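I opened my notebook to jot down a few things worth looking up in this chain. Here is the model, and my entries follow.

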Amino acid sequence: MVVQGIFPMHPLSTYALSQLSSYLQNRSSLFLVSEYFEKLKNTNIDLDHDLPFIYPEQLLEGDLFTEILSAEESGRQSTQFCLAFNKIVAKHYDNLNVNCLKILRANLLLRILRFKTENREDAIKALYLFTGLDVEMINNALDCLEREFAILGFNEHIGCFDFLENSMGAHDFRVFFKRARANVKLKKDILSDSIIRELAEVIEPVNTKFSSEHKIKTKEWQFEQDMFYVDEISAGYINGLKRDLTEATTPDKPKGKIVWLYTNKNMDYSNIDDVARLASNTNGLPIVFMLLNDKDNKLLNALTDYVALKSFTEQDVNKFSSYYNDMFYEVKRVISDVFESLKGEKVCIDKSGVNVLDARLTVYLANVFEDIYPQVLNFYFDGFENSRGKARSLFYKIVRILFSGKITSNTLQGLGVDGNGRLRNTLSYSAPYSWKCMNDEYIIIEPQNERAMAAYNLIKNKLIEDKYIPYEKLTGELLLAPYGMNDHEVLYLMAVVYANLSYCLRLALNGVQITVGEWLDTVMPYNSRGSLKIDFKKLQATSFIQKNLAGVEARFLQLFRQIEATKDVDEIFALKKILDELLTQEELPEKLTDKYKLLDIKFKDASYVNNKWDNEIESSYSKLEALINNKKSYDIQNGLKEISALENKSIFSCFLIKGFLLKEDKINEVKDLILKFRAVIEPLLQSWINEQRCNKLEDITNFESRMEYFAELLKNAGYEKEAKYALEHIEHEKQKPFLKIKVVHSGIEHLEEEFKNDVDYYGYRKTAKLIEECKNLLKTIREIKPYLANVDEYEENVLSKLTTAKANETRLKEEVDSLEKRLDDISSLDSIRVVVINIKKLKSNDYDEDTEEYLDDLKLHLDNIATQLEKASEKRKNREEFYQAKSEVMQLIKSDIDKLNYDYGRDLMGVIENFFHEVEKELDVKDAEWKKKFIDFDFENADIGSVNGLAYELSDRPTYLKQETISELEVIRKKADAYIAQHKVNSVVEAFRMLNDEQRLICYKLLKDKNLI
C-alpha cells in the first residue's frame, strides 16, 4: 500500500496503522505516532544514503503500544500477544540490546497482524522489512533471544516466532549452574567415577607391541591402569600391588600396572618425592607411575563442573534440558581433552624422581617388559581370554595327549582343524614362531628354539639334581622374571618335558606314585558334558620322580630321539659329533644297534645333501666371478640363466627331495647371491643391447633368433623392460633399408598365403588386419624403392590385395547398416524374430568390439521381447490366462523396451501393443462365432434331442469367451435346463396317465416306499 504524502512513514508502517484501528478507542493512530514525525522533521536527506523511514517496529515504542496493550487487558481484543510481550520485556529489559528490542516489537506486529510466513527464512525476511536491520544483525539478535534468554522460539508448524514467557534460557541456566558449582566440594573418589575413568581412558588395559614382537597370543602382556591422587599412594598400596603382580600368572591377567597420579597447583609437590621413594621398592616388577600434573587446574575446574552438573535433580535437568545436555557434553569433552593433554606430557615418576619419557608411552611400556623379562618365550596359542571357550578345552586335550604319549594320527584327528593348528603353531619344527620341538611325524624332541630350550633345560637340570621334586618347586621359577611364563604355558612346557623323558619319569600325587593315566583323570578330568578342566590345586600337589635320567642307555636314547626328530642338516652333523664323542666314552648298548644302523642312513643322506649344496653354490660363485672379470656376452647370458635358476629355487631341490629342512641362512645366501649377480649385470644390459648389430641381409634371421633368445633370458630373470627394449632393438635394426627388403619379401609371401582363400569368407577383424598389413607393406616398399628390384610389380600386387580387402570391409559394414533398415521395418513378432536371426548371422562376421557389443545388446533385448511375446501367445486359447500373461510380459520386457528406445531410438511399444491387439481381436472373433451358434435358439419349435444337444455344448464352454458372453449363454443354458426338466415331468405324467388303476396304486406304493412322495 502506498499513500501519497505519508513520507517518512514506511509503506508497511502505513499498512500496519490501518490494520490496528480496531485496537484504538476513538483516537487517531497518526496522533499516537506523531512524536516520530517530530524526531525526523529536521533530518537532512543525503541522496547517497538510504532514505530515513519510520519502520513498523518503531510504531510500538510509545503510546500506540499502550493502547494495543489496553485493548488486550480489557478484553476488547482476544489475542494475548501484547500481554506476553509486555511480561517478557519487563523481565529482561535491562539485559536486551536495541536490536533485540526491535526484533521483539517487529515480531509482535507480525503476530497481531497475522502475517503468513511459510518457514524461518520467510519469517526473517519479514523481520528485515519491519525493522530495517540487515540479516546478520537479525540472526545475532535471534541467537540472543532464542538461546541466551529463551524468550522467542520458532514454531515450525505455523512458520513464525512464538513468545515464550516461562521457558528458561541460557542466562537462567548459567545463574543456576554457578550456584550449584559454588556448593561443590571435590572429593578424591571423583577419580573412581566410572564416567571419569572412561573419559580418562584408564578402564581398558594398555596394550604394547611386546606380545606381537615375541609372537605371544595370550593376553597377559598388558598394563592394567589405575588412577589416584598423588598423595593417596602408600607403602601398603605398593606392597599390595607387588603381591597382585607376583600372583598374576594366568593367561588373561595383565602382568603390568600403570598408575596415573593426579596433582594440581593447590597440592604439595613433596608428595611426588614420596612416590619416587616408594617406586624404588618395585624393582623387578612392571609397575609404572605416570604423573598427571594439572598445573593450571584445568582438570580440577572441569571435574568441579562435572560434579556440579551431576548434582542437578531430575527436575532441574528437565527444566534446563537443552542447555544442561550441551554443557554436560562440553564438560565431558574438556575432561577428555585435558586428560589426553596431561597424559601426552609423558611425565614418569621412578626411583630417580620425575622424568619426561623420550618415546611413546606404549614403546616405553614394551621396553619395561623387555628389561624385566629378557627370556620370555613365544607362545602362539590364542583364545585364553574366554575362560569357557573352545581354546582352553583344546589346550587341555593337547596337554593330555603330550603327557599320555599318544601322539598319533587318530588322537590328532580328535583335535580338529583348530586344535591341530594350535599344536603346530606352538610346537612344530616348521612353524615360524614355535618352540620347535615336534617334527612332521609328530615326534617330540627337545626344543630347538633358544629361549624354549633354556626353560626346558632349567626343568631338566632340576630333575637331574633332585630325583623327587614337587611341581611348584620344579616350575615356580619360570613364572617369575626373566621368563614370566603364565601357569598354562608352564604346564604346556612340562608336558613337552614329560613327552621327551617319559621313559625315566614317574608321577606322584600327594606323595603316592600313580600312573600317568590315573594322574590325568585326577588333575584334568572330563566332566559330564565331555569337557576338560584342570584342577590347579591337584597339579600343585603333584611331584615328579626321576629314574636314572643320567644313565648310559638313557643318554643314547635321548640322543637317538633328537637325531630321529630333526630335519636340520647342520643339527644332524652337530648331533653326530656328540654321538661320536659319546661312542668314544661309552660302548653302544647291544639292543640299540639296529637303531644306530637306521641313523647311519640318515647321516649319509645328510652328507649327500650337504655336498650337493656346496657344489651348486660353488658353481654359482664361479659364474659370478667370470661375469665380474670378463663381462662378455657369454658371461652375461650365463649370469641371466643363473639368476633365473636361483629365483626358481631349483638349487634347494636336494633338501626337499630328501625331506630335510631348508633353513633361513641358506635362503638368505641365495638371495644375496642373486643380488650380487644383478649388481654386476644391470649396468651392462643397455649398452650391450645397443652394441648388437645386423650388418648383412643374410644375417637377419640369426640376428633375430639371437636377440629373441636374449630377450627371453631377460624376461625369465625379471627384466621385463629390458626384454621389451631388446625386441624393439630388433625392429630398429630392421629399419635399415637393405634389411627392409627381407621384410617386404616375407610380407608379400604372407599376403599371398592369406589371399589364397576367398577374402569374402574372412571376418571384419581379420579383414581390417589385412588392410593394415597392406598399407604398412606399401609404405615400406615406397621407402626402399632405390634398393628393391621389380618395385612396381610388388606395389601393384599389394594395391590389388588392398582393394580386395577394402571391398570386403565395405560389404561387412553395409551388412551392419542393413540391420538398421530391418529394425525400421519391425512390425510384428515374426519380424522381430527375423531381425534376431539376422543378428546371429552378422555375429559370425567377427566385428570390432564396439559393433559386437552393439549386436549382442540388440539381440539380448529383441530376443527377450520375442520370447516373452511367444509365451503370451501360447495362452491365447484362454482369455483370462492371456490377459494375465500380457500383464506379466509387459513388466518383464519394460526394461528391454526402454533400453531399445533410449539407447537406439527404436520404439517397439506400438508393435507390441498391436501384437496384443491382434490376439484380442482373434479371441473376440472366436467369441462371436461361438455365441452366434446359441443366441437365437428356437426353443418353441425345438425337440428334446436338440435341446439336450444344446445343454451339452453349453456345459463345455471354450475358455476364450468374454464374461458378458458367458453371462448371456448362462441364461440360455438355464432355459435349456428348464426345458429338459419340464419335458421329464411331462413324460412322467404321460406315463402315469397311461397306467390303469391297479398299476397306479402299485406305482404310488413304490413311490411312497422309496420316500419319493
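Which residues in α28 meet which residues in α29? I am working from a predicted model, and there I found S620, K623, A626, L627 and N630 in α28 meeting D635, I636, E642 and L646 in α29. I sorted the residues of this contact by type and got four nonpolar, two polar and three charged. Next I looked at the geometry: α28 covers residues 593–630 and α29 covers residues 633–647, and they pack at an angle of about 145° with their axes 9 Å apart. I noted the crossing of the two helices as left-handed.

Entry on L923. I located L923 in helix α41, residues 909–935. Is L923 buried or exposed? The cut-off for buried is under 20% relative accessible area, and L923 counts as buried because its relative accessibility is 1%. I then asked what L923 is in contact with, leaving aside its neighbours within four places in sequence. My list reads R876, R879, F882 and Y960. For R876 I also checked the spacing: L923 and R876 are 47 residues apart in sequence, yet 7.4 Å apart in space from C-alpha to C-alpha.

Entry on α42. Helix α42 has 12 residues, 944–955, and at 1.5 Å a residue it should span 16 Å; I found its end C-alpha atoms 16 Å apart, which agrees. I wrote down V947, L950, A951 and L954 as the buried residues of α42. Seen down the axis, these buried residues fall within an arc of 95°, so they line one face of the helix. A reminder to myself: an α-helix has 3.6 residues a turn, so residues three or four places apart point the same way. What do the buried residues of α42 pack against? They pack against α41 and against α43, residues 963–993.

Entry on the backbone. I looked up the peptide bond from A481 to P482 and found it cis, with omega near 5°. P482 sits in the loop between α22 (471–475) and α23 (487–501).

I then turned to positive phi values. E201 has a phi of about 55°, although it is not a glycine. I placed E201 in the loop between α10 (194–199) and β3 (206–207), and E201 counts as exposed because its relative accessibility is 57%. D846, a residue other than glycine, has a positive phi near 50°. I found D846 in the loop between α37 (829–843) and α38 (849–873), where D846 is partly exposed, with a relative accessible area of 35%.

Key
Residues are numbered from 1 along each chain as its sequence is written. This is a predicted model: local features need pLDDT of at least 70, side-chain atom pairs count only at pLDDT 80 or more; totals for chains, interfaces and linings use all residues. Side-chain values use heavy atoms; hydrogens and water are left out. Axes are lines fitted to C-alpha atoms, for helices over the stretch in contact, and angles run from 0 to 180 degrees between N-to-C directions. Helices (H or I, at least four residues) and strands (E, at least two) are DSSP runs, numbered from the N terminus. A crossing is left-handed if the near helix is turned anticlockwise from the far one by less than a right angle, and right-handed if clockwise. Contact means heavy atoms within 4.5 Å. Ala, Val, Leu, Ile, Met, Phe, Trp, Tyr, Cys and Pro count as nonpolar, Asp, Glu, Lys and Arg as charged, and the others, Gly among them, as polar. Buried means under 20% relative accessible area, exposed over 50%, partly exposed in between (1.4 Å probe, protein chains only). The expected span of a helix is 1.5 Å times one less than its number of residues. The arc is that of the directions from the helix axis to the C-beta atoms.
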